[in-house]
Amino acid sequence: SPADQDGLRDGMPDLVSAVSDYVRASLLSGSCLAPMETTLLPTEAELTGAQESAEPGTVYVPCEILLQRNWFEADDVAVLCPGRGNVAGVWSRSLLLFGGTRLGSMCDFVKLAYAKGFATVILNP
């Protein structure tokens, strides 16, 4: 019925958010084979310095980046960037919602990169 469809549509943002959180937690825990850690760029000190020297009205927002542990020691690094408005580790909200985590998350790609000897960095612009 139309009322059921509206209810489903209204719940989609919550569902996508929950699955996105699951994907991020999977990446950080190592469920995708390569445990990752998180960092903020710019760092708090860099952010403070940049804001102090910026033109009035300029706002800097820190960006969370997921890094495979010891990524800087790897010979090869895969840098992944999600689509606009997505969280780190998610290619696309619609792929995540309608194709599941296998298509919508970066976990399989992280596993493939790991198997091929690549470290992985996931941006979150």
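**Close-up views of side-chain contacts in a predicted model**

View 1. Phenylalanine 72 is exposed, with a relative accessible area of 57% (buried is under 20%, exposed over 50% and partly exposed in between, with a 1.4 Å probe and protein chains only). The model is predicted, so local features need pLDDT of at least 70 and side-chain atom pairs pLDDT 80 or more, whereas totals for chains, interfaces and linings use all residues. Residues are numbered from 1 along each chain as its sequence is written, and side-chain values use heavy atoms, without hydrogens and water. The structure holds two aromatic pairs. Tryptophan 71 is partly exposed, at 31%.

**View 2. The pair of tryptophan 91 and phenylalanine 109.** The ring centres of tryptophan 91 and phenylalanine 109 are 6.1 Å apart and the planes stand at 90 degrees, so this pair is edge-to-face. It links distant parts of the chain, 18 residues apart: tryptophan 91 lies in the loop between β3 (76-80) and α3 (93-104), and phenylalanine 109 in helix α4 (residues 107-115) (helices, H or I of at least four residues, and strands, E of at least two, are DSSP runs numbered from the N terminus). Tryptophan 91 is partly exposed at 30%, as is phenylalanine 109 at 36%.

**View 3. The salt bridge of arginine 102.** Arginine 102 forms a salt bridge with aspartate 108, with 3.8 Å between the closest N and O atoms (a side-chain nitrogen of Lys or Arg within 4 Å of a carboxyl oxygen of Asp or Glu). Arginine 102 is exposed at 66%, whereas aspartate 108 is partly exposed at 32%.

Key: Rings of Phe, Tyr and Trp (its six-membered ring) pair if their centres lie within 6.5 Å; planes under 30 degrees apart count as stacked, over 60 as edge-to-face and the rest as tilted.
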